6 protein chains.
Amino acid sequence: MTPPGTSGGRLAIVPGSFDPLTNGHVDIVLRSAQLFDRVTVSVLVNAEKTPLFTAAERVAMIREVFSAHANIDVDRFDGLLVEYARRQGACAIVRGIRAVSDFEHEFQMTLMNRHLEPALETVFMMPAEQYTYVSSRLTKEVFRLGGSVHGLVPPVVERWMQAKQATAVRNEKTAIGLQGE
Amino acid sequence: MTPPGTSGGRLAIVPGSFDPLTNGHVDIVLRSAQLFDRVTVSVLVNAEKTPLFTAAERVAMIREVFSAHANIDVDRFDGLLVEYARRQGACAIVRGIRAVSDFEHEFQMTLMNRHLEPALETVFMMPAEQYTYVSSRLTKEVFRLGGSVHGLVPPVVERWMQAKQATAVRNEKTAIGLQGE
Amino acid sequence: MTPPGTSGGRLAIVPGSFDPLTNGHVDIVLRSAQLFDRVTVSVLVNAEKTPLFTAAERVAMIREVFSAHANIDVDRFDGLLVEYARRQGACAIVRGIRAVSDFEHEFQMTLMNRHLEPALETVFMMPAEQYTYVSSRLTKEVFRLGGSVHGLVPPVVERWMQAKQATAVRNEKTAIGLQGE
Amino acid sequence: MTPPGTSGGRLAIVPGSFDPLTNGHVDIVLRSAQLFDRVTVSVLVNAEKTPLFTAAERVAMIREVFSAHANIDVDRFDGLLVEYARRQGACAIVRGIRAVSDFEHEFQMTLMNRHLEPALETVFMMPAEQYTYVSSRLTKEVFRLGGSVHGLVPPVVERWMQAKQATAVRNEKTAIGLQGE
Amino acid sequence: MTPPGTSGGRLAIVPGSFDPLTNGHVDIVLRSAQLFDRVTVSVLVNAEKTPLFTAAERVAMIREVFSAHANIDVDRFDGLLVEYARRQGACAIVRGIRAVSDFEHEFQMTLMNRHLEPALETVFMMPAEQYTYVSSRLTKEVFRLGGSVHGLVPPVVERWMQAKQATAVRNEKTAIGLQGE
Amino acid sequence: MTPPGTSGGRLAIVPGSFDPLTNGHVDIVLRSAQLFDRVTVSVLVNAEKTPLFTAAERVAMIREVFSAHANIDVDRFDGLLVEYARRQGACAIVRGIRAVSDFEHEFQMTLMNRHLEPALETVFMMPAEQYTYVSSRLTKEVFRLGGSVHGLVPPVVERWMQAKQATAVRNEKTAIGLQGE
């Protein structure tokens with residue numbers, strides 16, 4: 001019998017809210033799947049009070065996007081990430097870094113997570129440069145203001161977003177950035 | 001007949017909430033007016049839930065501040081900045097950059113706006129160094145805590161602020177910074 | 001008769017919300033007490049709408065932590081920090097800097113405070129590197145998610161936190177960072 | 001009679017060593033030519049002790065690259081940039097910004113240049129994201145180490161580089177970065 | 001028959017000058033060895049004109065430090081890192097990141113290396129916080145100025161350094177930092 | 001008898017090359033002299049191979065600038081800063097911080113110095129915002145290129161610089177920045 005977490009080789013977790021999954025996320029997940037035997041995309045439940053998509057919807061979309069990849073799994077979690085990763089038997093957390101400012105925040109998180117669980121490693125990867133500016137927050141803002149999200153998210157996600165009424169979107173932090181503020 | 005957007009030469013837009021207009025904003029607008037034939041200061045409507053001044057009040061103040069400048073206009077807008085700029089026939093958006101951290105956020109915005117509208121350019125300009133620390137948010141915080149805003153905003157804006165009861169100010173994110181937090 | 005603010009030598013103020021006091025705060029306060037004749041740890045009242053501890057509780061805890069240090073005092077304040085510092089006769093504000101991103105925000109604050117009160121100086125100090133990742137916000141998040149705060153806060157604070165029901169914690173900005181978002 | 005510097009409308013200068021001109025430089029020059037009536041690409045003579053190309057070679061290459069653009073001129077200069085710009089009657093200096101760290105250096109330069117010549121403005125523009133990593137220094141390093149510079153520089157420059165013997169290159173600061181250091 | 005590069009599982013390369021290997025380097029190599037099947041520490045030959053140790057000495061020291069680790073190998077290389085990595089059949093380059101400023105430089109390198117060789121991935125890892133300030137350059141400066149390098153480098157390296165006459169060290173860029181400049 | 005280092009109260013050291021002393025340096029030294037009983041401006045000997053002024057000239061100029069301040073002394077030193085500070089009985093090193101990028105370098109230096117000498121504290125202070133762009137390096141570059149250094153350095157230093165033949169200046173790293181590179 002194989003012990004949990006090593007049965008299928010090394011497992012890495014790519015955690016996030018994925019509200020919604022962007023092409024930048026897809027890029028990082030696919031790169032991770034080249035370096036680790038198995039990758040689990042882990043959807044954080046209840047990260048925001050009023051998400052665009054429910055956790056179940058997000059899991060469904062991500063599952064569809066990566067359905068052709070045998071070593072990419074999708075899951076949901078809540079609570080401390082390091083506790084979740086330990087239960088899954090993961091050896092690493094993968095974080096995508098798009099910009100320097102991302103990194104400083106990640107620095108602090110990584111050290112705190114290491115304090116809580118020294119055996120779990122965090123690795124950082126860069127998405128392709130064309131995704132430098134693509135975040136879930138900004139994608140939702142474009143959507144809310146009536147712009148096209150084509151090219152920012154996978155086709156699957158684009159369809160789900162179109163199905164939502166733009167007018168139904170509720171985002172407390174509106175209009176930062178794309179309106180020039 | 002002159003095509004839209006070139007009738008009066010090149011138009012640049014300086015967008016913002018301007019709640020309120022600061023001396024740093026004034027500095028950037030005047031610099032822009034040296035480089036472009038026409039400049040429109042465009043007030044974003046509804047950027048915050050509880051602004052200090054209504055959009056109409058902000059437009060009125062800005063109009064008064066720049067009344068002596070023939071090539072500086074004031075307007076209000078909502079929705080995607082790039083759509084608004086296209087309708088106005090602008091060739092450029094001007095953004096004031098006070099600090100490195102400003103820049104990273106602007107970087108992402110610029111690339112997203114370019115994705116949405118490749119023909120629109122964004123240029124960055126630096127205010128005079130004495131305005132490095134002057135932001136609308138910080139000015140309102142000084143005001144709310146009973147400090148003087150003299151030298152931070154134009155005299156016109158200072159008078160409008162004095163007319164408001166400090167006690168009437170409602171700012172959800174209070175006291176960050178000037179109280180040592 | 002000694003003039004106010006010099007009777008006991010030079011006074012430095014270490015301001016903050018301290019909700020709760022962390023080991024990083026303790027480190028900075030102790031370093032400050034080596035450089036100045038007297039140090040006052042000044043608790044900002046009403047910094048957040050729903051703090052973990054009341055201002056009175058925070059003052060009590062900090063007082064207990066530094067009870068053995070004759071030149072370290074604890075106080076509470078509200079309003080503009082520079083006004084408070086002037087009333088206390090302080091010559092300096094001490095700010096702990098853990099990361100580069102902290103610094104840019106502090107830069108702006110320092111210049112604004114100097115604009116408001118040129119005679120008051122701000123000095124920055126670095127905590128020991130093991131406290132780089134320890135902030136009040138992150139400590140509360142670990143606590144809220146059921147993790148141990150041992151080593152992050154002084155034993156006194158740890159006991160006070162254990163006394164609170166974790167379930168009673170109300171934090172509007174949940175789950176940033178330690179859940180992988 | 002038209003006063004100098006306004007005869008052909010507003011003139012912007014894009015200064016640099018251009019050793020060699022990269023596709024990132026080309027991108028910035030073309031964007032500048034959309035915003036200003038005339039643009040001069042100004043090659044700094046003697047910037048480095050052992051440049052890959054002489055100033056004359058660099059001017060020739062840049063001239064060839066922009067030969068089809070009527071409002072883009074090429075020139076060489078030495079001495080203080082602000083003095084040169086004043087003599088040319090330029091209203092602005094254009095600087096390409098690829099990264100946050102670029103910006104801090106530019107910040108300081110801009111303020112010093114403004115101190116020396118208040119009437120001259122500096123504007124910053126971003127190249128397309130695919131040129132984020134393309135610098136003259138890095139391009140020369142790839143070249144020196146035997147890699148292909150295709151896609152990093154214009155075809156004209158690529159041909160000139162191939163004509164040089166790679167073995168003839170002398171670069172004192174070798175191997176930073178692309179060799180893992 | 002096993003295809004090259006997969007015979008022993010996934011190979012990661014940790015490249016550097018390692019002049020000398022520091023405890024920060026050791027930390028990153030050991031972390032890498034947890035995530036990849038095999039790790040090669042690759043010493044860049046000729047990175048500096050006047051290194052403290054020859055490439056052969058550096059390889060010997062590193063080999064001694066990791067002699068007890070079966071999946072850690074030591075090698076030397078010159079030329080483009082991506083070409084070397086391809087020949088070795090590596091799937092990833094591992095870079096240690098100590099600070100935000102490190103990251104921006106790494107960002108550019110990673111994108112250039114990806115341009116040159118899309119199949120090779122770069123991952124970033126953080127050393128333990130006590131190594132934040134430990135670099136080869138700074139360690140050599142401490143050594144040159146007569147300070148102790150104990151705790152900064154492995155005992156093996158410390159012995160090799162003691163064997164060198166401090167007076168024999170030639171470092172062109174002296175005294176940055178530790179002398180207050 | 002008073003123990004060394006406390007006879008005249010707390011001593012802070014402001015170290016640097018001061019080649020030459022700028023108005024930014026003067027600002028930091030004067031601010032330090034408000035917070036500490038005594039301040040020593042310590043000139044690092046031999047920091048650069050070809051300084052503009054000899055160490056003796058720099059000491060003489062600085063002495064003249066601060067001659068009216070009883071608690072400001074001038075000295076020269078070589079070797080490890082922490083060793084020098086210990087011999088002087090200093091409790092703190094003061095570093096002026098003009099920009100975020102300064103800070104990251106200082107971060108690393110501070111931690112290394114603390115590793116070497118835990119009892120010595122480093123404090124950071126900000127110069128007035130009008131000195132943000134004033135560095136010794138940039139001042140020398142302006143001078144070398146024939147620009148005026150008036151307002152960048154104290155009158156004493158300006159006179160010494162005028163006495164030097166601008167043509168005699170030898171600076172290996174020429175023209176970075178002010179020539180648009």
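This is a predicted model: local features need pLDDT of at least 70, side-chain atom pairs count only at pLDDT 80 or more; totals for chains, interfaces and linings use all residues.
By class, the residues of the side of chain B that touches chain D are 16 nonpolar, three polar and eight charged.

The contact between chain B and chain D involves 27 residues from chain B and 27 residues from chain D. Together the two chains bury about 2500 Å², and 65% of that area lies on carbon and sulfur atoms. Four salt bridges are counted between chain B and chain D. In one of the salt bridges found in the model, the side chain of B:Asp37 meets that of D:Arg10, with N and O 3.0 Å apart.

The arrangement of the two chains was examined by superposition.

Chain C and chain F were treated in the same manner. Chain C is superposed on chain F, with an RMSD of 0.0 Å, by a rotation of 180° and 0.0 Å of shift along the axis. C:Phe124 is the residue of chain C that comes closest to the rotation axis, its C-alpha being at 2.4 Å. Because 100% of the interface residues of chain C are also interface residues in chain F, the copies meet through the same surface.

The contact of chain C with chain F takes 27 residues from chain C and 27 residues from chain F. About 2500 Å² is buried between chain C and chain F, with 65% of it on carbon and sulfur atoms. Four salt bridges are found across the interface of chain C and chain F. C:Arg10 and F:Asp37 form a salt bridge in which the closest N and O atoms are 3.0 Å apart. The interface of chain C and chain F also has 13 residue pairs in polar contact, both residues being at pLDDT 80 or more. On the side of chain C that touches chain F, α1, α4 (100–116) and β5 (121–125) of chain C each supply at least two residues. The most comes from α4(C), with seven residues. The residues of this side of chain C divide into 16 nonpolar, three polar and eight charged.

Over all chains, a search of the whole structure finds 69 salt bridges. A:Arg10 is joined to E:Asp37 by a salt bridge, with the closest N and O atoms 3.0 Å apart. This pair crosses between chains, running from the segment before β1 (11–16) of chain A, where A:Arg10 lies, to the loop between α1 (23–35) and β2 (38–44) of chain E, where E:Asp37 lies.

Packing of helices within a chain was also examined. Two packed helices are described by the angle between their axes and the distance between the axes. In chain A, helix α2 (residues 55–65) and helix α6 (residues 155–163) pack at an angle of about 145°, with their axes 9 Å apart. The residues that meet are A:Glu57, A:Ala60, A:Met61, A:Glu64 and A:Val65 in α2(A), and A:Val156, A:Val157, A:Arg159 and A:Trp160 in α6(A). This contact has six nonpolar, no polar and three charged residues. In chain F, the axes of helix α2 (residues 55–65) and helix α6 (residues 155–163) come within 9 Å and cross at roughly 145°.

Backbone geometry was considered last. Most residues other than glycine have a negative phi, and most peptide bonds are trans. A:Phe18, a residue other than glycine, has a positive phi near 50°, and is placed in the loop between β1 and α1 (23–35) of chain A. The peptide bond from C:Asp19 to C:Pro20 is cis, with omega near 5°. C:Pro20 lies in the loop between β1 (11–16) and α1 (23–35) of chain C. In chain F, the peptide bond from F:Asp19 to F:Pro20 is cis, with omega near 5°, and F:Pro20 is found in the loop between β1 (11–16) and α1 (23–35).

Notes. Residues are numbered from 1 along each chain as its sequence is written. Chains are lettered from A and ligands numbered from 1 in the order in which they are written. Side-chain values use heavy atoms; hydrogens and water are left out. Axes are lines fitted to C-alpha atoms, for helices over the stretch in contact, and angles run from 0 to 180 degrees between N-to-C directions. Helices (H or I, at least four residues) and strands (E, at least two) are DSSP runs, numbered from the N terminus. Contact means heavy atoms within 4.5 Å. Ala, Val, Leu, Ile, Met, Phe, Trp, Tyr, Cys and Pro count as nonpolar, Asp, Glu, Lys and Arg as charged, and the others, Gly among them, as polar. Buried area is the accessible area (1.4 Å probe) that two parts lose on being put together, summed over both. Copies are superposed by least squares on the C-alpha atoms of residues with pLDDT of at least 70 in both. A polar contact is a pair of N or O atoms within 3.5 Å; within protein, one must be able to donate a hydrogen and the other to accept it, and residues adjacent in sequence count only if both atoms are side-chain atoms.
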